[in-house]
Amino acid sequence: MNVDWPWPWLGRNLDKIAEATGEHLFLALLPVLVGLVVSLPLGWAASRWPAVRLVLVPLAGVLYTIPSLALITLVPLIMGTKIIDPLNVQVPLAIYTIALLVRSVTDALLAVPGDVLAAANAVGFRPTKRFVAVELPLAIPVIVAGLRVATVSAMSLTSVGALIGIGGLGSLITEGFKRNNAVEMVVAIALILVIALVIDALLLFVGRMITPWTRARQGASK
Amino acid sequence: MNSALSWLFDGDHWSGPTGIPARILEHLGYTALTVLIAAVIAVPLGAIIGHTGRGTFLVAGLSNGLRALPELGLLTLLVLLTYVGLLPVVISLVVLALPPILAGTYAGIRNVDPSVVDAARGMGMRESSILTQVELPNALPLILGGLRAATLQVIATATIAAYVSLGGLGRFVIDGNNAGAGSPNGYPQMAAGAIVIAVLALVVEGVLEIVQRVAVSPGLRNVATRKRTARIWRKPTPDLVGKST
Amino acid sequence: MKRVIAGVATALAATLAVSACGNSDPLAEDKPSGPGSSETVTVGSANFPESQLLGEIYAQALEAKGVTVARQLDLGSREKYMDGLKDGSIDLIPEYSGVLLQFFNKQAKEVESEEVYTALQGVLPANLTVLDKAEAEDKDAIVVTKETADKWKLKSIEDLVPHCGEVVFGGPPEIQERPDGTPGIKETYGCTFKSFSALEPGAITTKALLDNTVQAADIFTTDAAIEANDLVVLEDPKNNFAAQNVVPLINKDKASDTVKEALNAVSAKLDTKTLLDLNARLNAPDKPEYSDVAKEWLAEIGL
């Protein structure tokens, strides 16, 4: 049996593809955003209090190790959702993002040189202001690096949800598989790949834009 | 939760070719085969790139690009193009396992203390000997780290193999999904399968952590932890290989 | 610092915009609001192409009569979507009389079309009912390649029995549990296969059969692949697989007169030959959308 390569299919199904893409972005990106927001205070707490760090870092490691199909399957058990519920994919993605970013945030904050902190104190910054104006900006490159990894992984992980019926571009992959429509599969794979890499590049760019001092430093050391 | 646990501990489900132990073995089998093949390709490749400094774009590009590739897509497309069997599954899993091993080997070689390499050159050692007798042993911690990351990655992704009618632990999730939530072999089977998958992943991670500690010679043990302290200006460590499944 | 805030704010806004616009489609995967407004009929379908096509046909037939329809197609196997029918997340689904009967009554012995239909009406849960059955039938069947049929001289399942031990049997995972699936084949014919290979219904099952990854497979009788690949459907003289007329399974509350009229009109025009033809259209290399094939056919029969 030959594989079908109906290239005209692509032109005829643009709205279906667009809808699946939109759904995919909703499933993948929203949890990453939520994860980022949650990781900042958690990472700060872990950087400040060794006891917290002792609990959070291993916990993050454990959660990150659990395969996505397992977590996606267990969410209905833990949260009482129906089997086909976007939350089943979004909650694990948020968990993975937090697990990844808490480490990044913690490491980044811990690595702020002591003399920089001392200088900030000397100038008169109170702890909150010091965090927002000094520590956080210095932590951005590492956080952005982690965010890039989290986002790209999320785009790819979301497709696993299609195995139990949760849509996005993954459902184009399974549909193409069932109907011997290789074009549909290739289009979905390519879209996931391209969008993930574009977002990755965007994050890299934004990260560099908002931290001009890193560029200056790289320029100097060259 | 009760029904999941009762499915899990039902004696019937622990015997025979479709039982939990059999599926665990299948799963570990796919993983071992994949990591072996990937290591045979990626360790030499990463070592050469790390030693000569040429072709570094390959390491960064592959790591980034392949992390974005949806495994489900690669796997099903390959099966559709070839046949339903082990080969397409192993090929797509190997593709997934290459980046962490490549990145780990590359980083390991690059991170070898330059003065050590210098001394070796000064002694008159040939380049290839420097690579095999000096750099690789010193790179061992990071290489093992890469192998570890790859193994976990493959264990997670091998769960998908069940969708293209192979065995492994994903079988419980896929079959349970088709049986329908209400049936006794439906969601309880899915949840039981998910629990076994999670536990297996954690156990393997733990075992590999111990293996890594034991296998690295004492002189190098501190090196691994020292180099991992994140400095703000440095690129992310190989730890951040990201999840693909 | 201001740069940082500005940059982060832009990024956040961008992400929210992107993910929000991704979810603004009213037909997206979200749960329908509550059990559905009293006017909307939610149409579901199983996870194989023919079921999705029938679901789409029902949906369009209803819309032609002015009924508001929400679609939740490709829900998985019967075992899976029955929960949706019970709790009201879906109201209507195309079904097959024989397997539906056995789903509710594993001991059911009826195999003839009228008997099955009558028995079915007796076992349905209180909130569900079936409308007129169509003449079209789509049964599960054991299918082999022409080569295998020639090699072992196979015409019916009984001919396969002496070879069962060498055969890897393929099919959707749930048939290992169903009364007419592997248990039924074993009981009715005494045939125990060497092993079972769980395969997604559709192209991949056909492929596995053609590649000889499996030597026999459970393929539906109206699957276009049978004709397209010269496959042989083994006869079922002992009637392991009962009659399977296509029938709309619907929530009683939603079965208004308009709805009944629309769906019965569809069933009246649906015979096996038509179903085969529709499946062939779906399987054409250019892969038309379910909605297009449905629209085309409904126009042809004037609905």
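At what angle do the axes of helix H7 and helix H9 of chain A cross? Roughly 170°, and the axes come within 9 Å. H7 of chain A spans residues 127–157, and H9 of chain A spans residues 182–209.

Before going on, some ground rules. This is a predicted model, where local features need pLDDT of at least 70, side-chain atom pairs count only at pLDDT 80 or more, and totals for chains, interfaces and linings use all residues. Residues are numbered from 1 along each chain as its sequence is written, while chains are lettered from A and ligands numbered from 1 in the order in which they are written.

Back to the helix pair in chain A. Axes here are lines fitted to C-alpha atoms, for helices over the stretch in contact, with angles from 0 to 180 degrees between N-to-C directions. Helices are DSSP runs of H or I with at least four residues, strands are runs of E with at least two, and both are numbered from the N terminus. The crossing of roughly 170° makes H7(A) roughly antiparallel to H9(A). The cut-offs are these: under 35 degrees is roughly parallel, over 145 roughly antiparallel, 65 to 115 roughly perpendicular, and the rest oblique.

Who meets whom? On the H7(A) side, the residues include A:Ile140, A:Val144, A:Leu147 and A:Arg148. On the H9(A) side, they include A:Ile192, A:Ile195, A:Asp200 and A:Leu203. Contact means that the C-beta atoms, placed from the backbone, lie within 7 Å. By class, this contact has 12 nonpolar, 3 polar and 2 charged residues. Nonpolar covers Ala, Val, Leu, Ile, Met, Phe, Trp, Tyr, Cys and Pro; charged covers Asp, Glu, Lys and Arg; the others, Gly among them, are polar.

Now chain B. The axes of H7(B) and H9(B) come within 10 Å and cross at roughly 170°. That makes H7(B) roughly antiparallel to H9(B). The crossing is right-handed. Handedness works like this: left-handed if the near helix is turned anticlockwise from the far one by less than a right angle, right-handed if clockwise. Among the residues that meet are B:Leu144, B:Arg148 and B:Thr151 in H7(B), with B:Leu200, B:Val204 and B:Glu205 in H9(B). This contact divides into 9 nonpolar, 3 polar and 2 charged residues.

H7(B) also packs with H2(B), residues 20–52. Their angle is about 140°, and their axes are 10 Å apart. That makes H2(B) oblique to H7(B). H2(B) passes H7(B) in a right-handed crossing. The contact includes B:Thr31, B:Val35 and B:His51 of H2(B), and B:Leu131, B:Glu135 and B:Ile155 of H7(B). The classes are 12 nonpolar, 4 polar and 1 charged.

Next, how many residues of chain B are in contact with chain A? There are 42, and they touch 49 residues of chain A. Five helices of chain B each supply at least two residues to that side: H3 (56–68), H4 (71–81), H7 (127–157), H8 (170–179) and H9 (187–215). H9(B) gives the most, with 8 residues. By class, the chain B side has 29 nonpolar, 9 polar and 4 charged residues.

On to chain C. It has 13 helices and 10 strands. Of its 303 residues, 46% count as buried. Buried means that 20 or more other C-beta atoms lie within 10 Å of a residue's own; exposed means 12 or fewer; partly exposed lies in between; the C-beta atoms are placed from the backbone.

Chain C is assigned two stretches of interest: domain 1 (41–137 + 243–300) and domain 2 (140–233). The bounds come from an automatic or database domain assignment. The domain centres, taken over C-alpha atoms, are 25 Å apart. 15 residues of domain 1 are in contact with 13 residues of domain 2. Helices H2 (49–64), H4 (97–104) and H12 (272–282) of chain C each supply at least two residues of the domain 1 side. H12(C) gives the most to that side, with 6 residues.

Most residues other than glycine have a negative phi. C:Lys153 is not a glycine, yet its phi is positive, about 55°. C:Lys153 sits in the loop between H6 (146–152) and H7 (157–160) of chain C. C:Lys153 is exposed, with 7 other C-beta atoms within 10 Å. C:Asn212 has a positive phi of about 65°. Its place is the loop between helix H9 (203–210) and strand E8 (216–220) of chain C. C:Asn212 is exposed too, with 12 other C-beta atoms within 10 Å.

Notes. Two residues are in contact if their C-beta atoms, placed from the backbone, lie within 7 Å.
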